[in-house]
Amino acid sequence: MSAEALLQVRDLEVDFATSQATVNAVAGVTFELRAGECVAIVGESGSGKTQALMACLGLLASNGTARGSVRFAGRELIGADERVLNTVRGTGIGLLTQDPLSSLTPHLRIETLLTEGLLDRGLASRTDARQRALQALRAVEIPEPESRLRQYPHELSGGMRQRVALAAALMCEPLLLFADEPTTALDVSVQARVLELLAGVRDRGLGVLIITHDLGVVAGLADRVAVMYAGRIVETAATDELFSAPRHPYTAALLAAVPRLHGAAQARLAGIPGDPPQPAERPSGCAFAARCAAADEQCTRVRPELRPDAPAVAAVACHRPLPAAAGQR
Amino acid sequence: MAEAAINAAAGGRGLWDGAWQRLKRSRAALVAAALLLLVCVLALVGPWFSAYSVAEVDWSQATLATPPSLSTGHWFGTDANGRDLFVRVWIGTRMSLLVALLATLVSVVIGVAWGATAGYLGGRVDGWMMRFVDVLYALPYMFFVIILTVVFGRSLVLIFLAIGAVGWLTMARIVRGQALALRQREFVEAAIALGLPTRVILARHIVPNVLGTVIVYATLTVPQVILFESFLSFLGLGVQEPLTSLGRLVAEGALEMESSPWLLLAPSAVLATILLCLNFLGDGLRDALDPRQRR
C-alpha cells in the first residue's frame with residue numbers, strides 16, 4: 001500500500017462487562033480507509049458494526065472496553081486520553097448518527113448547534129462562525145439558511161434535520177466522516193438526497209466510513225465493502241466485485257435476500273435460515289457454519305481466518321468460498 | 001412555500017416562549033403570580049406608608065397591644081410591646097422572602113451542579129458523590145443547622161447558607177436522575193463526538209434540559225424554606241430582634257392568641273398567601289414545562 005491509510009484498524013476487539021458475563025461484541029476487526037475513499041461496513045443488527053465505530057471514537061458505554069489498535073492520521077486512538085480524543089473528535093472525525101431528531105439537542109438553535117464546535121475551540125469568531133454555518137447549510141441544500149439558523153430542531157422536517165446534522169458534523173472540517181446508518185430513519189426520497197450529499201462529501205476528498213444494513217445504500221456510494229458477521233469481518237471486496245461475485249456464503253445469502261424488481265413476481269424472498277449466534281454462544285469454528293449450506297466438519301471445528309483473496313484488496317474468511325468468477329446466485 | 005408558512009406560524013418559538021404561552025393559559029398560576037408580586041411590592045414599600053418604624057414603641061396608646069384600627073394608624077394593631085404590627089409584618093415578609101430566595105438559590109446552584117456532574121460522569125464518581133449526599137441526608141437537619149449556628153454564631157448570612165446547604169440534597173438527587181437519563185441520549189453522544197469538553201456539554205446540553213424540573217422543584221422548595229426558617233426562629237436560632245420574620249411573628253402571635261388574635265392572624269394570612277401562591281405557581285410551571293405538552 002503506497003501512502004499510509006487515513007484510518008487503520010487492527011485486531012479491534014470490544015467487550016462489554018455485564019453482571020452475568022463479559023459480552024464480546026467485536027471479535028477482532030481489521031480494515032483500512034484512505035482519504036477520499038468510501039468504505040461501507042455491512043451487517044445485521046448485533047453484528048458489532050456500530051460498536052466497532054464507537055470504539056474508534058472512544059464513545060463506548062462505560063462498561064465497554066476496546067483492545068487492539070485504531071490509528072487515525074498516525075495517532076493511536078485506543079487507550080488515548082480524553083484530551084487527545086477531543087482533538088480528533090469533530091476536527092478529525094465527524095460523526096453522523098442514525099436518528100436526526102435525537103442527535104440534535106432540542107433546546108438549542110441550529111446556529112448554536114452548528115457553531116459551538118468552532119467557537120469552543122476558538123477556531124472562529126462569532127460572525128465568522130455564523131458565515132461558515134450559513135455556507136454549511138447551503139452546502140447541504142437547505143433553503144433559506146438565514147432563517148433556519150434561528151430555528152430549533154423540532155421545527156425542521158426529518159430530512160432537513162439529517163442534513164443539518166451532516167452540516168454540523170462537517171463544520172470543523174474533519175478528514176473523515178463516520179456515518180452510522182445515516183438513512184435508516186428517513187423515507188426513501190429523502191434517503192436518496194442524503195446519499196447524494198454523502199457522495200459529494202467523498203468527492204471533496206474526505207474519507208467516509210458508512211455503516212448500514214442496506215445493500216442499496218452500499219451499491220450507490222461505497223468503493224469498498226466489509227461484511228460483518230458475529231463480531232468479525234467475513235469478507236471485504238470492492239463494491240462491484242462483491243455484488244457480482246460474492247465469495248463468502250453469508251454475503252451471497254445477503255445479496256439473495258434483497259428484493260428485486262426484475263424477477264419472477266411470485267418468487268419468494270430468499271431468507272437466511274436460523275439466527276446469528278449470541279456473542280456468548282459463538283462456536284469455536286466458523287460462526288456462520290450452522291446456517292451455511294456448504295459447511296462441513298472443518299467449518300464447525302476451525303475458525304477461518306480473513307485471508308487475502310485473488311484481487312489485491314479483497315479478502316474472505318471461509319474454508320469453502322464460492323468460486324471467484326461469476327458466483328452462483 | 002407551505003413549509004415556510006408553517007414555520008412562520010410557529011414563529012421560531014423556543015422552549016421558554018412555548019412554556020410562557022401555556023403558563024398564560026393557566027388562570028390559577030397567573031392569579032398566584034400576580035398575588036405574589038403584590039406581596040413582594042408590599043413587603044418592599046409597605047413600611048413607608050406607616051408613620052411608625054419597626055422597633056418603635058407607641059406610648060400614646062392606653063394599652064400596649066392595641067387592636068387593629070384605622071384611626072390610630074396601627075392598621076394591623078400593635079404587638080405586646082406596643083410596636084406597629086403593619087410595619088412588622090412587611091418587614092418580616094421581606095426577611096422571609098429574602099431567606100427563601102437566597103436559600104433556594106444556594107440549594108439550586110449546588111444541587112444542579114452536584115447532581116448534573118454526578119449523573120453525567122456516572123460510574124465511580126457518581127457513586128462517591130451520591131454516597132456523600134446520602135451521608136448528609138442521614139444527619140438530622142435540625143442538628144446540622146444548630147451546630148452551624150452554635151459554631152459560627154448567629155448571622156443572617158449563615159441562616160441562608162445553612163438552609164441552602166441542607167436543601168440542595170434533594171435537588172441534587174432529582175437532577176442526577178435526569179442527567180443519568182440524558183447521558184444516554186443521542187444528542188449528548190453527538191456533542192461528545194463533536195469533541196466538546198465535558199464542562200460545555202454539562203452546561204449547554206445537560207443543564208438546560210433539566211431546568212424545567214429544577215424550576216418546578218425550586219418553587220416547591222421556597223415554601224419549605226420559609227417554614228423551616230419559621231421553625232428556626234421559633235427555636236430562637238433564626239432572625240434576631242428588632243428584625244423579624246413571618247415565622248417569628250406567627251410564633252409570637254401564637255403566644256397571645258387568646259388576648260390579641262390579630263397578632264396571629266395578620267402574619268399567618270400573609271404567610272398562607274405566599275405559600276398557596278407558590279404552590280399554585282409551581283403547579284402551573286410544571287404543567288407549562290412538561291415536555292409531553294410541548295407543541
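Predicted model: local features only at pLDDT ≥ 70, side-chain atom pairs only at ≥ 80, totals over all residues.
Let me begin with chain B, whose elements run, from the N terminus on, α-α-α-α-α-α-α-α-α-α-α; the secondary structure of this chain therefore comes, under the DSSP-run convention, to 11 helices and 0 strands.

Staying with chain B, 40% of its 295 residues count as buried, and among its contacts with a separation of 6 or more, 70% are accounted for by residues 24 or more positions apart.

Helix α4 of chain B, residues 85–121, packs with helix α7 of chain B, residues 156–183, at an angle of about 35°, and their axes are 5 Å apart. The crossing of α4(B) and α7(B) is right-handed, and the residues of the contact between these two helices divide into 23 nonpolar, 8 polar and 3 charged.

In soluble globular proteins, nonpolar side chains tend to be buried together. In this model, the largest nonpolar core has 167 residues, of which A40(A), A167(A) and L177(A) touch the most other members, while the element that gives the most to this core is α4(B), with 17 residues. If we set aside residues up to four places away in sequence, A40(A) touches I210(A), T212(A), V218(A), L221(A), A222(A) and V225(A).

Now to where the two chains meet. How many residues does each chain bring to the contact? Chain A contributes 23 residues and chain B contributes 24 residues. On the side of chain A that touches chain B, α2 (82–88) and α3 (110–120) each supply at least two residues, and α3(A) gives the most, with 3 residues. The residues of that side of chain A divide into 5 nonpolar, 12 polar and 6 charged.

Is Y152(A) buried or exposed? Y152(A) is buried, because 21 other C-beta atoms lie within 10 Å, and the cut-off for calling a residue buried is 20 or more. Y152(A) is also 9.0 Å from E111(A), C-alpha to C-alpha, although the two are 41 residues apart in sequence.

Technical notes:
Residues numbered from 1 in each chain as written. Chains lettered and ligands numbered in written order. Axes fitted to C-alpha atoms, helices over the stretch in contact; angles between N-to-C directions. Helix = DSSP H or I, 4+ residues; strand = E, 2+ residues; numbered from the N terminus. Left-handed = near helix turned anticlockwise from the far one by under 90°. Nonpolar A, V, L, I, M, F, W, Y, C, P; charged D, E, K, R; others polar. Contact = placed C-beta atoms within 7 Å. Buried ≥ 20, exposed ≤ 12 C-beta atoms within 10 Å, placed from the backbone. Core = buried A, V, L, I, M, F, W, Y, C linked by C-beta atoms within 7 Å.
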